[in-house]
Amino acid sequence: MKKINLFFLLVVTTLFVFSCQKPLSITSPPLEKSTNKKTITVKEGTNMAVAVSPDKQTLVLDLQGRLWTLSIEGGMAIPITDPLGDARQPAWSPDGQHICFQGYWEGNWHIY
């Protein structure tokens with residue numbers, strides 16, 4: 001029963017996040033020794049995954065092979081992986097202290 005409820009919460013949250021009228025806005029931190037900012041507005045996506053933290057305050061999502069954290073209220077997403085590892089399918093630990101995901105570094109897929 002717990003697994004079904006968690007799955008249902010994940011599906012509902014995913015639908016809610018990506019069906020909001022206001023698109024998700026992701027701003028990357030400034031590049032090293034630069035003041036340039038990049039703003040990316042996401043209206044829809046393919047092969048994306050999102051996980052809600054156990055305290056229901058934070059989302060972690062995979063977008064374009066990179067993991068991002070985002071407040072459940074929305075706002076600026078923060079990248080937590082580099083763009084080279086093709087990080088996918090995040091999941092929170094039960095205590096909310098760690099995020100598990102698959103990534104492609106060192107020439108193979110691994111669980112991190």
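Trainee: In what order do the strands of the open sheet of four strands run?
Mentor: The order is 3-4-5-6, and the pairing is antiparallel. Strands here are DSSP runs of E with at least two residues, numbered from the N terminus, and two strands pair if DSSP finds at least two bridges between them.

Trainee: Which strands stand at the edges there?
Mentor: Strand 3 (49-52) and strand 6 (78-79) do. Each has a single partner strand, so one side of each is left without a neighbour in the sheet.

Trainee: Before we go on, what sort of model is this?
Mentor: This is a predicted model, where local features need pLDDT of at least 70 and side-chain atom pairs count only at pLDDT 80 or more, while totals for chains, interfaces and linings use all residues. Residues are numbered from 1 along each chain as its sequence is written, and side-chain values use heavy atoms, with hydrogens and water left out.

Trainee: OK, back to strand 3. How many bridges join strand 3 to strand 4?
Mentor: Four, with strand 4 covering residues 58-63 and the two running antiparallel. As one example, valine 52 has leucine 59 in strand 4 as its bridge partner.

Trainee: What sits in the loop between strand 3 and strand 4?
Mentor: Serine 53 is found there.

Trainee: Is serine 53 buried or exposed?
Mentor: Serine 53 counts as buried, at 4% relative accessibility. The cut-offs are under 20% relative accessible area for buried and over 50% for exposed, with partly exposed in between (1.4 Å probe, protein chains only).

Trainee: What is serine 53 in contact with?
Mentor: Thr58 and Trp92, leaving aside neighbours within four places in sequence. Contact means heavy atoms within 4.5 Å.

Trainee: Changing topic: what is the strand order in the open sheet that three strands form?
Mentor: That order is 7-8-9, with antiparallel pairing. Strand 7 and strand 9 are at the edges with a single partner strand each, so one side of each has no neighbour in the sheet. The twist averages 20° from one strand to the next, using axes that are lines fitted to C-alpha atoms (for helices over the stretch in contact) and angles from 0 to 180 degrees between N-to-C directions.

Trainee: How do strand 7 and strand 8 pair?
Mentor: Strand 7 (residues 88-92) and strand 8 (residues 99-105) are antiparallel over three bridges. Tryptophan 92 has isoleucine 99 in strand 8 as its bridge partner. Their hairpin has six residues between the strands, and glycine 96 takes a positive phi near 75°.

Trainee: And strand 8 with strand 9?
Mentor: Strand 9 (residues 108-111) pairs with strand 8 over four bridges, again in the antiparallel sense. Tyrosine 104 is partnered by tryptophan 109 in strand 9. Two residues lie between the strands of this hairpin, and glutamate 106 in the turn has a positive phi of about 60°, although glutamate 106 is not a glycine.

Trainee: How exposed is glutamate 106?
Mentor: Glutamate 106 counts as exposed, at 72% relative accessibility.

Trainee: What about glutamine 64?
Mentor: Glutamine 64 is not a glycine, yet has a positive phi of about 55°. You'll find glutamine 64 in the loop between strand 4 and strand 5 (66-71), where glutamine 64 is exposed with a relative accessible area of 71%.
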